[in-house]
Amino acid sequence: MALPATEREAAFGSVREMATGASISTPPSSLDIFADRVFRGLTLIFAGLTIVLVLYIVLEIGGKAAPAMQKYGLGFITSTTWDVNKARFGVLPEIWGTLYSSVLALVLGGFFGISIAIFLTQDFLPPKLEVIFKNIVELLAAIPSVVYGLWGIFVLIPTIRPVADWVHQHFGWIPFFSTSLSGPGMLPAALVLTIMVLPTISAISRDALSAVPPRLKEAAFGMGATRWEAILRVILPTASTGIFGALMLGFGRALGETMALAMLVGNSNQLSISLFSPANTLAALLALNFPEADKRQEQVLMYAAVLLLAITLLVNFCGTAVLRRATVRLSGEGK
Amino acid sequence: MKVGPVRCLWLLLILCGLLSTSLGWAGESVRLKGSGASFPFPLYGLWFKESGKVNRNVIIAYQATGSGAGIKDFVNKTVDFAASDAAMTDEEMAAVEGGVQLLPMTAGSIVLAYNLPDGPKELKLSREAYTKIFLGQVTKWNDPVIAQANPDAKMPETGITVVRRADSSGTTFVFTQHLGAISEAWKNGPGTGTTVNWPSSDKFIASPKNDGVAATIKQTPGAIGYIEYGFAELGKLPMALVENKAGKFVKPSLESGQAALAGVDLPPDLRAWVPDPSGEEAYPIVTYTWMVFHKKYDDPKKAETIRNVVKYALTDGQRVSGKMGYIPLPDKVVQVVSRALDNIQ
Amino acid sequence: MRSMEGSQAADKVDLPSLDRSYHDPRGVLSTLLSVVTGAATVVACIPLFSVLIMLFWRGSARLSWQLFVELPPTAFEEGGGFGNAIVGTLVMVGIAALISVPFGILAAVFLAEFGPDSKLAAGARFCAKTLTGLPSILAGVFAYAAVVLATGTYSAPAGGVALALLMVPTVLLTAEEAMKMVPTRMKEGAVGMGCTRSQVIWKVVLPTALPGILTGVMLAVARASGETAPLLFTALFSNYWLIQDGHLGLMEPTASLAVLIYNFSGMPFENQIEMAWAAALVLVLLVLVINIIGQLLSRQRV
């Protein structure tokens, strides 16, 4: 089919234009450069603002906490009494409870979250099912903490109570099961916390796993790896920074979770390793006492808040150090 | 990837909102904001809505944040009025410029709800029994101290789980005040307060808010805890008959609550506590709850609205309160409060 | 003949076998791990579905058109709805997203593209991670001091600010990860065509990283919609519509689904408790709808 000459030239002309990229591959105009500078500046400002924001928060809270910090000093961290009338305050049980519940949630949530992520990205399911599952799991992030608390009280605790009683009777000599479950306690709290961080860990891990170039997987298969060898030795390490980020976000969420834990952890100043004993966390302590706190109590609660921020900081520090060590090792092996 | 259509819509909405707020102020309607105690929250909600039907242009927003938070807001002037189960202390009142008018609006009783499927239908608890339970000294339901007052019943051997409030609350304040009034050991031990240092035991668990405690009691066999009467009544939780000052075992009810309030005269600043009422039929654990107003408002319309709403609350409002589990104010109290209303200008 | 020699020769060479034999330990291990992962997924889904089922079971009993157009009932009132709470949640989460999404993405661009190894980036990254652990109540307390006391009133923007504080770390960190995963080759290609760094980011990096960024945004939005504690200190609650008597009450206490659930679930009245469940269900469905819209919009870009 012969086109008229002019049209043919026009057609070829545009193709030539596209081929040589005459309209796109020109050096940037001065407007482009200006826009570039503005954009760079903008991103710099916002990155800086992040630091400013956190500093502002720390200062604001620290400022309020200062009188209490002066008055109670480090004894606050080691004492276990919380007596408003006698003005004796100590948050060691709360620090313990926060760390214990969050670590449990991280371990369980990490295991299940990453399993779900692997299950949803490594071709175990048809794609349509994967999308549906993905949406359902992300939906769980939207459920208000209050609802999780109610579910915990009305469904979870009655379900695990018989199991807990049986375990306590037969294995009570193991420190983890040394008390009986009266209702709210560390285990229900940790389980609900796990479910709350699961969507976060799962969704972000899933993204990290999907972003691994298919070539890597194919190369592994080409070398004769089984499916799981490919996953464990090639895909997971490649996605490790993303997965680690997911775990850190999940852990952060667990540390700061307030409402659901306030309803399920038992709010008791018990310092116990038993999973069935009631406990308390810093966030729950804050949430439950702040509304009614007078000036003096407010300062003490802010001190507890400072401690919580310090714990988050410390955990992040350790996490980043661990990650740095791991990536150095990985890239070192590669070289 | 620029701003999508959904985002544009939000932007537009926000801009319109900001624009119209800067352009126009409220038309004719008077808006009042309040925050504070959660105990009277359902009742106040009903009152404000009803009075809104009568006075068309009145919009009152009240949120339960806790008595302490309400007082804080009131002092910070972020709300027009507050509600508190613990009235106000002298220093709090001094911190408010222009003066404070406290008005008791209703009252309630605190009951000991329990969960004992194999226990007696009407559990009687003597003073010694319930004090020792909450001190953690009595730990089993078949303890002789409890069995003494319930000779006809077979008490099961279950352990006692004490459910207390996890959050600071006026309910705890009133309950511990009562315990402090009847027991030296309690006064020198945990003492009185919105939060106290409860005995250290893994059989003492805590739940937030009245409904949390009620739910925990319901779910835990062998549990006992203190909650507002309305919650136990409407949640159909068994309530213990408590021994009062006169030695009688009284069942919590409207009548026994009113009998407790009847014996108390209100002082001029309208702050009265009833830690241990002396009437024969009096239920021993009762409390007023107050609304806190400024003596002087910048907007006379606000003051007028407040007076109208309080008048409604003191007359028609009291009729509803009984149904909801609150104790209607005795007549002489209503008179005193109506007179004090004139102080709000 | 030759074929027989060929196959004999093949026997002598050690070619990896493509058959999965169950005597092969590596194959067994692989199958075992698949089973374990499958089981873990199923086990994890049991409580997840339990929560959803409880939500649907208790919430759908009250679902009706009324819920969206009526105002909250008081004690002993039958019926009623929470239309104002739905509007309030949408407005406050909208404000929060308007603040936190540009903030998070711009900062993430700096962290991933412009200055990944700089001290500023390390500091910002560290601060963002610390912010993830901020308890929701502290966000509320901070916003109370910063906005409510400054403006002298409880308001929807104050609630939005508190929620934004909770959203920023998720958006920022997820966006950074998503952008880091964009293949360098694509970026180099764009530079080769004469783009400035900013153009590379606008035209190549952001569109490619969009699905990952969207996940972060959706997670943050989902969490913000369900948060109660921050709103208690900043937006309080209201039993009236946002636009009442021709006046837009943006600087007034605003209703929200989360606070409604908190209030109503704590009341001993059947009507209110049922409505609390219905509200929770509506909240979850709302987030699902936003999620789906977000995914559809991002697909159109590609």
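Q: How many cavities of 30 Å³ or more does the count come to?
A: The count is 15 cavities of 30 Å³ or more. A cavity is a set of points on a 1 Å grid over the protein atoms alone where a 1.4 Å probe fits but cannot get out. Volume is the space filled by probe spheres set on the points, with points joined across faces, edges and corners.

Q: Before we go on, what sort of model is it?
A: It is a predicted model: local features need pLDDT of at least 70, side-chain atom pairs count only at pLDDT 80 or more, and totals for chains, interfaces and linings use all residues. Residues are numbered from 1 along each chain as its sequence is written, chains are lettered from A and ligands numbered from 1 in the order written, and side-chain values use heavy atoms, without hydrogens and water.

Q: How much space lies in the largest cavity?
A: About 640 Å³. It is lined by 42 residues, meaning those with an atom within 4 Å of a point. Closest to its centre are B:Ser38, B:Ala64, B:Asp167, B:Lys209 and C:Tyr262.

Q: Which element gives the most to that lining?
A: α9(B), with four residues. Helices are DSSP runs of H or I, at least four residues; strands are E, at least two; both are numbered from the N terminus.

Q: And the second largest cavity, what volume?
A: About 150 Å³. Of its 16 lining residues, the closest to the centre are B:Arg31, C:Ser238, C:Trp241, C:Glu252 and C:Pro253.

Q: Which strand gives the most there?
A: β1(B), with three residues.

Terms used
1 Å grid on protein atoms, 1.4 Å probe; cavity = no way out; pocket = protein on both sides within 12 Å on 5 of 7 lines; lining within 4 Å.
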